[in-house]
2 protein chains.
Amino acid sequence: MAAEQLVIVGGDATGMAAASQARRLRKPDELAITAFERSHFASYSACGIPYWVGGEVDGPDALIARTPKEHRARDIDLRMRHEVTELDLERGRVRTRELDNGGRESWTGFDKLVLATGARPRRPGLPGIDAPGVHGVQTLDDGRALLDSLDAAPGRRAVVVGAGYIGVEMAEALIRRDYEVTVLEQSAQPMSTLDPDMGALVHEAMCAMGIETVRGATVTGVLTDGDGRARAVTTEDAEYPADVVVLGLGVRPETTLAAAAGLPLGESGGLLTDLGMRVRGQEHIWAGGDCVEVLDLVSGQLRHIALGTHANKHGQVIGANVGGGYATFPGVVGTAVSKVCDLEIARTGLLERQAHAVGLRFVTVTVEATNRAGYYPGARPMHVKMLAERRTGRLLGVQIVGREGAGKRVDVAAVALTAGMTVEQMTALDLGYAPPFSPVWDPVLVAARKATAAVRDAGA
Amino acid sequence: MAAEQLVIVGGDATGMAAASQARRLRKPDELAITAFERSHFASYSACGIPYWVGGEVDGPDALIARTPKEHRARDIDLRMRHEVTELDLERGRVRTRELDNGGRESWTGFDKLVLATGARPRRPGLPGIDAPGVHGVQTLDDGRALLDSLDAAPGRRAVVVGAGYIGVEMAEALIRRDYEVTVLEQSAQPMSTLDPDMGALVHEAMCAMGIETVRGATVTGVLTDGDGRARAVTTEDAEYPADVVVLGLGVRPETTLAAAAGLPLGESGGLLTDLGMRVRGQEHIWAGGDCVEVLDLVSGQLRHIALGTHANKHGQVIGANVGGGYATFPGVVGTAVSKVCDLEIARTGLLERQAHAVGLRFVTVTVEATNRAGYYPGARPMHVKMLAERRTGRLLGVQIVGREGAGKRVDVAAVALTAGMTVEQMTALDLGYAPPFSPVWDPVLVAARKATAAVRDAGA
């Protein structure tokens, strides 16, 4: 019997994790695996780009988990610079174009198909937005282009548009390269993935780091110089000179092909799947990573969350199921962690506005504590905000802003959310304690105690 | 109506946390609170002593959470240097002796009694063990005595007996003071709170730090010089010169008074309580901290675990219940974290021998991963060992040995244990990911994946 044909569209985290896992389970004579990747790189850590740009990491090689050659040695036919341009589901084939070979087109048949097409950066349709010197940072190709642009920049002023995770990480990267950095954020505070009161702490810290952070700034366009290169970013109120512009406005699911093929998309435009990451209503098509919507276990809603850690998990699950095994991806609780210089920023669960939006009644508390015992060298303040459902006391979310050791503390809350714990149950958690690691009451426990009291005081 | 009389025996973490919490709930005209403390210090962090001795913390003041004066200002009658010498339960009174006042004795009546008598260091009955220059490190008084002894020491050789948490922390402290340090450990590996394979990693690291670590060493006595001061520690095989000797052999519950009064003790000698920390069979007596046994939620057994974080929680629970509120202490999962120089050591749940002892069948896996993304500066290896129950796949325990950021990762497992998660459920945990904080698969997730496969392979 001929081998079954597995075709994978997209050769980054999800696609290649799926390929590797499927290959572990099924030999080449049972399953032939072909993966198409349109960029110059596969299997890489896009999350590492800010650190490559900042000079902390030797890129791009260090960011590549496994080279195309290594994949091919494992009997995965990875074809680089091949763009898939059409899905023909009826005939079970995909059309590809070779980007480095005169655009040669061909069709490849599949028995099973994995869509791992990722996301594309939001790029508002503003004058000058496509000028040289304006950069997204979604792919290694983007990172390479930005580094070239920095080398060519006439001066050392950078404007970052958007103060979300990518925006603040890029601000740090550019500070490290001795750029004067201005971050323009449309919201009332940077990090709109946090509540505004916690975002304000980030704003304060960024200003103290010498990063000019402009809030409530609506970007209206990019001005260019005589050569057509970006020279300034304009907002409704002002003009910010820029030798380089970085866009950190988040991403959208890249599902153009899927939409054209009539596959089911959710409100955010991401593909809809079942728990095994199979596209809804499809027997032989799976999808994962930045191009799908995932179930938020706290709100019960579908959301689009582009994160490498989910993408890798999806790839594993898809590979197991495609390979004849069994695995599921139950959903997320909305955990994210980042840093800007020495400030650590983390969240899990719901923000206030998210909890409101799904009809939850809740209490919030915020505590200031220290990462280590107060007397231990290096003890630094950290803020923990906690949301709990009224009446039930169920944990709904945690946000943390602090210094060393603050960010990963969010994991405790992520597990508690997954387990459906109440904040009162959390007060008894047996967390690791020793003076170099934590005060005798870990900051998360301090917040849980205060939230427990708030739930009690709030009544129903 | 006269105020109710609350008497507290022991003025450290449990006793004073109970006092403070009870005072928050009840005014002085409703509840009079008297606490007796035999040492020179109250409300302090004994866990901080190694860092005081090592010169990282200015002691003892920095280690004191709240001074006697501050307690008194909150209407808590804290009497220092008062030793309680007898509990007369029939007549509801305790006998005290004033240690600085000619040993004056008196009786104090109580309506409610809290026993927070702590623990005492194990001190084997060996020749020379009580000689000057041999020190326990249980109280601030002990810390002070050790520092005086170090000042008076004729040379700079230290022997630490016992390579548990206190032993390794004191080894680090003495290294910081430029002592040549030898650690003598009776077990096959240091840190017998870990499985031997993980303890071996600690041994290796300690040797690399220049800490001579002798395994399988049975101490037979302490040799003294002409003045009677310790000059060497002898084992069955050798003699180790020592200008100072530190005992880190663990502690036993200090329940002499409770035993004499006929209160119920468990196998370890710790007091037995209910979930509200009330002594079993007693209506008006509570106990907590290092003098009680606690329920191990993983094994279902009672254990004695002396840890400041439990002591503080017990105090809160006792204070709430004594003050007419409601709180419980459900139990522990056996979490502990420590470090020796830059090596972080953590555990939660059961070791192999503990799981065997309670009749559990299990699989074990160990993984080596990095604390951060492999390419990110400061990425260092860490080892994670995981135990899971056969057939059910329930998580039973985790041990971690690694560098920066390794230790507190045990908290994820502590919450998962509390929630009764399986290792397969853990593989989907939404833990914080960004390159400075974690590889895209957090080491705990890597271990969970491997454990999931091991459970599947092991069958029933």
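Reader: What makes A:Arg391 count as buried or exposed?

Author: Keep in mind that this is a predicted model. The relative accessibility of A:Arg391 is 68%, and the label "exposed" needs over 50%, so A:Arg391 counts as exposed. Its place is in the loop between β24 and β25 of chain A.

Reader: And what is there to say about phi of A:Arg391?

Author: Phi is about 70 degrees there, a positive value although A:Arg391 is not a glycine. A:Asp178 also has a positive phi, near 65 degrees, and is a residue other than glycine.

Reader: Where is A:Asp178, and is A:Asp178 buried or exposed?

Author: Look in the loop between α5 (165–176) and β11 (180–184) of chain A. With the cut-off for exposed at over 50%, the 60% relative accessibility of A:Asp178 makes it exposed.

Reader: What about A:Ala152, buried or exposed?

Author: A:Ala152 has a relative accessible area of 51%. Exposed means over 50%, so A:Ala152 gets that label. This residue belongs to helix α4 (residues 140–152) of chain A. From A:Ala152 to A:Gly128 there are 24 residues in sequence and 18 Å in space, C-alpha to C-alpha.

Reader: Why is A:Thr235 called buried?

Author: The limit for buried is under 20%, and A:Thr235 has a relative accessible area of 8%, so the term applies. A:Thr235 sits in strand β14 (residues 230–235) of chain A. Setting aside neighbours within four places in sequence, its contacts are A:Leu184, A:Ala217, A:Thr218, A:Val219, A:Thr220 and A:Tyr240.

Reader: On to charges: how do you know that A:Arg372 and A:Glu404 form a salt bridge?

Author: In general, side chains of opposite charge can pair when their charged atoms come close. Here the N to O distance is 3.0 Å, and the rule asks for within 4 Å, so A:Arg372 and A:Glu404 qualify as a salt bridge. The pair ties together distant parts of the chain, 32 residues apart. A:Arg372 is in the loop between β23 (362–370) and β24 (381–389) of chain A, and A:Glu404 is in the loop between β25 (395–402) and α10 (410–418) of chain A.

Reader: What does chain B have for B:Arg372 and B:Glu404?

Author: B:Arg372 and B:Glu404 form a salt bridge too, with the closest N and O atoms 3.0 Å apart. B:Arg372 counts as buried at 15%, and B:Glu404 as partly exposed at 39%.

Reader: How do helix α1 and helix α8 of chain A pack?

Author: The axes of α1 (residues 13–25) and α8 (residues 308–322) come within 7 Å and cross at roughly 35 degrees. Their crossing is right-handed. By class, the contact has nine nonpolar, seven polar and one charged residues. Among the residues that meet are A:Ala13, A:Ala17 and A:Arg24 in α1(A), with A:His314 and A:Ile318 among those in α8(A).

Reader: Finally, why are the two copies said to be related as by a two-fold rotation axis?

Author: A rotation of 180 degrees, with 0.0 Å of shift along its axis, superposes chain A on chain B with an RMSD of 0.0 Å. The copies are thus related as by a two-fold rotation axis. A:Val412 is the residue of chain A that comes closest to the rotation axis, at 2.7 Å (C-alpha).

Reader: And how do you know that the copies meet through the same surface?

Author: Of the interface residues of chain A, 100% are also interface residues in chain B, so the copies meet through the same surface.

Notes:
Residues numbered from 1 in each chain as written. Chains lettered and ligands numbered in written order. Predicted model: local features only at pLDDT ≥ 70, side-chain atom pairs only at ≥ 80, totals over all residues. Heavy atoms only, no water. Least-squares fit on C-alpha atoms with pLDDT ≥ 70 in both. Contact = heavy atoms within 4.5 Å. Salt bridge = Lys/Arg side-chain N within 4 Å of Asp/Glu carboxyl O. Helix = DSSP H or I, 4+ residues; strand = E, 2+ residues; numbered from the N terminus. Buried < 20%, exposed > 50% of the residue type's maximum accessible area, 1.4 Å probe, protein only. Axes fitted to C-alpha atoms, helices over the stretch in contact; angles between N-to-C directions. Left-handed = near helix turned anticlockwise from the far one by under 90°. Nonpolar A, V, L, I, M, F, W, Y, C, P; charged D, E, K, R; others polar.
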